[in-house]
Amino acid sequence: MEFRRLGRSGLVISEIAYGNWITHGAQIDEEAAHACVRAALDAGITTFDTADVYSETRAETVLGKALAGQRREGLVLSTKVCHPVGPGPNDRGLSRKHVIEGCEASLRRLGTDYVDVYYAHRYDPAVPLEETMLAFADLVRSGKVLYVGVSEWTAEQISRAAGLARELRVPLVASQPQYSMLWRVIDSQVVPACEREGLGQVVWSPLAQGILSGKYLPGTAAPSDSRAGTEAGKGFVDMLVGHWMKDEGALRAVQELGPVASDLGLTMSQLAIAWVLQNPSVSAAIIGASRPEQVKENAAASGVRLEQAVLDRIDEILSAYIVRDPARTG
Ligand code: NDP
């Protein structure tokens, strides 16, 4: 496993992180969840990502239990706040009340005294940004949060937050956007803004939820043991990557990546993860997995270098299906 600094901060993270969205507390049972975490640790992954909202808060509890007994200093744990986690009007969003109460609840579920990176899961237009950033500043001052990040914020929102972060001395160091060979909306605006402000990209769904593994074949039903084929996962697949899943041309183009990967001695999943890691603005790729073999396979993408000719060939194959519009952020 290779390691990178998170943006311009001093924090060192594994360039492949393990995330438990959809899987822990929903798609897979606790034993399988623990086996995936064990496989991640065995592969040298130190960096784990979750959120309060995943599986209605169960994902944090599962991850906390799976990591119990590990040396806390050897781990980098991140979680997030913003999406609704309860019925009340203050059980969501980025108000001072919810950011602080949300953090306390996450710490209890994770069984830890602090999180390394605490993310605003989305931008909250209903709350003054000053209020949110002051709440993050107070969490940092109290030692419950070490670094702060934002997820799916636009370049303009990130720049404003960075100005406040400087004033309030908040270590705002991470941006967590969707990024893959197929989804490149951060390239034109978010990445330049983050480079200016010192935030690293910790990117999600590098496999486009499994599409780039090549297992979803055109004209064929999704395998019953895959995310798109299970109750827990198919709603999220439809919502976020449904346009490619329903497009036989896109699925056919993805199949053409198979020989590109095998010529390099890689699997298609490894090629897709290596692709996001070629971008120097990326501090880590967060992988999901429903079984330990996937973690082992995907973690082996660390350290792979792709030649320009390979990157050009990938662009040529996928060109009709790549989404680049920065307005799709968030
Ligand atoms: P991926 O794009 O890596 O998709 C992971 C899924 O693909 C797995 O669960 C598995 O699903 C399938 N898969 C993985 N490896 C292989 C393989 N080698 N062969 C075949 N299939 C494979 O990432 P996720 O979409 O899971 O996102 C990763 C993490 O990013 C999340 O856990 C979360 O931490 C974070 N995230 C953050 C968001 C945000 O808003 N900030 C939003 C979404 C995710 P299966 O076996 O079930 O088909």
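Two aromatic rings (Phe, Tyr or the six-membered ring of Trp) count as a pair if their centres lie within 6.5 Å, and planes over 60 degrees apart make the pair edge-to-face. Keep that in mind while you look at this structure, which is a predicted model.

**Aromatic pairs**

By that rule, the structure holds 7 aromatic pairs.

Another edge-to-face pair is made by Trp183 and Trp244. This one links distant parts of the chain, 61 residues apart: Trp183 is in the loop between β8 (172-175) and α6 (190-197), and Trp244 belongs to helix α7 (residues 231-245). Are these two buried or exposed? Buried means under 20% relative accessible area. Trp183 has 6% relative accessibility, so it counts as buried. Trp244 has 2%, so it counts as buried too.

Here are the two pairs with their values:

| Pair | Centre to centre | Angle between planes |
|---|---|---|
| Trp183 and Trp244 | 6.2 Å | 85° |

There's also an aromatic cluster, formed by Trp21, Trp204 and Phe236.

**Helix α8**

Now find helix α8, residues 248-255. Its buried residues are Gly249, Ala250, Leu251, Ala253 and Val254. What covers them? The cover includes α7, α9 (257-263), α10 (268-277) and α12 (308-318). At the start of α8, Asp247 uses a side-chain oxygen to reach within 2.9 Å of the backbone nitrogen of Gly249.

**Around the ligand**

There are 33 residues around the ligand, and those that come nearest are Gln27, Asp49, Ser205, Lys215 and Ser290. A ligand oxygen lies 3.2 Å from a polar backbone atom of Gly19, and a ligand oxygen is 3.0 Å from a polar backbone atom of Gln209. With Arg227, the side chain takes part: one of its N or O atoms is 2.7 Å from an oxygen of the ligand.

**What the record says**

An unreviewed UniProt entry places the feature "domain: NADP-dependent oxidoreductase" at residues 15-318. In the model, that span is 43% helix and 13% strand, and its end C-alpha atoms lie 25 Å apart.

How values were computed. Residues are numbered from 1 along each chain as its sequence is written. This is a predicted model: local features need pLDDT of at least 70, side-chain atom pairs count only at pLDDT 80 or more; totals for chains, interfaces and linings use all residues. Side-chain values use heavy atoms; hydrogens and water are left out. UniProt positions are given in the numbering used here, feature names are shortened, and annotations may be inferred rather than shown by experiment. Helices (H or I, at least four residues) and strands (E, at least two) are DSSP runs, numbered from the N terminus. Rings of Phe, Tyr and Trp (its six-membered ring) pair if their centres lie within 6.5 Å; planes under 30 degrees apart count as stacked, over 60 as edge-to-face and the rest as tilted. Buried means under 20% relative accessible area, exposed over 50%, partly exposed in between (1.4 Å probe, protein chains only). Contact means heavy atoms within 4.5 Å. A polar contact is a pair of N or O atoms within 3.5 Å; within protein, one must be able to donate a hydrogen and the other to accept it, and residues adjacent in sequence count only if both atoms are side-chain atoms. A residue is near a molecule or strand if one of its heavy atoms lies within 4 Å of it.
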